[in-house]
Amino acid sequence: MKSSRDRMSRNSSRSRSKRGIGCLELGLSSFLMVVCSALGLNMTLMVMGMSLNDSACRDAARAAAQQSTSALALKSAQAQLLVHATDGSFISQPSLSSTASPDFVYNDYSGNPPTNASPYVTVSTIVAIRLPFPMLFFSQRVATNSLNFKRTYTFPIIKETFYD
């Protein structure tokens with residue numbers, strides 16, 4: 001009788017320890033999944049924000065390069081940035097980083113460009129991205145919860161008249 005009781009108690013303690021290890025594995029793996037999901041969401045928002053800023057800056061520079069004066073070019077660039085609208089919760093609306101030089105440059109050389117130079121327009125835009133999860137690495141903050149991405153494009157100014 002003792003031997004059968006001893007066997008039963010050993011088997012029950014083994015099954016309890018197996019259940020304990022299973023709970024421990026589930027807890028650790030779910031913690032790792034939450035961390036990986038948070039990191040993936042942060043990276044997705046950063047890539048989306050950089051892509052939005054890149055296309056907005058390129059389109060604004062292209063629109064500004066098609067205008068005949070600096071004032072019209074600035075208005076056209078700002079209007080083109082409104083096309084790339086966001087809801088503003090995690091990724092801000094793209095905007096000109098400033099209208100002062102060198103962030104917005106419209107250089108048409110007053111219609112007489114020097115030799116080996118062509119008129120150009122340079123546009124710089126900025127997008128702010130708010131990360132939902134702070135990025136920590138060994139208790140050191142890698143990035144703040146808000147990141148700013150700046151992009152600059154330069155396009156040649158085209159002042160050609162096209163006829164149908």
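D59 counts as buried, at 16% relative accessibility; buried here means under 20% relative accessible area, exposed means over 50%, and partly exposed lies in between (1.4 Å probe, protein chains only). Its partner in a salt bridge is R62, with the closest N and O atoms 3.4 Å apart. R62 is partly exposed, with a relative accessible area of 36%. Both residues lie in helix α1, 3 residues apart, about one turn of the helix. Salt bridges that share partners join D54, R58, D59, R62 and R151 into one network. A salt bridge means a side-chain nitrogen of Lys or Arg within 4 Å of a carboxyl oxygen of Asp or Glu.

A word on the model: it is predicted, local features need pLDDT of at least 70, side-chain atom pairs count only at pLDDT 80 or more, and totals for chains, interfaces and linings use all residues. Residues are numbered from 1 along each chain as its sequence is written, and side-chain values use heavy atoms, leaving out hydrogens and water.

| Pair | N to O distance |
|---|---|
| D54 and R58 | 3.7 Å |
| D54 and R151 | 2.7 Å |
| D59 and R62 | 3.4 Å |

What does the pair of D54 and R151 tie together? D54 lies in helix α1 and R151 in strand β6 (residues 146–156), so the pair links parts that are 97 residues apart in sequence. D54 is partly exposed at 23% relative accessibility, and R151 is partly exposed at 34%.

Now for the whole chain. It has 2 helices and 6 strands, in the order α-α-β-β-β-β-β-β along the sequence. Helices (H or I, at least four residues) and strands (E, at least two) are DSSP runs, numbered from the N terminus. Buried residues make up 27% of the 164 residues.

Let us turn to the rings. The count comes to 1 aromatic pair. Y153 and F155 form this tilted pair, 6.4 Å centre to centre with 45° between the planes. Rings of Phe, Tyr and Trp (its six-membered ring) pair if their centres lie within 6.5 Å; planes under 30 degrees apart count as stacked, over 60 as edge-to-face and the rest as tilted. Y153 counts as buried, at 18% relative accessibility.

Finally, the cysteines. C23 is exposed, with a relative accessible area of 56%, whereas C57 is buried at 0%. The count of disulfides (cysteine sulfur atoms within 2.5 Å) is 0.
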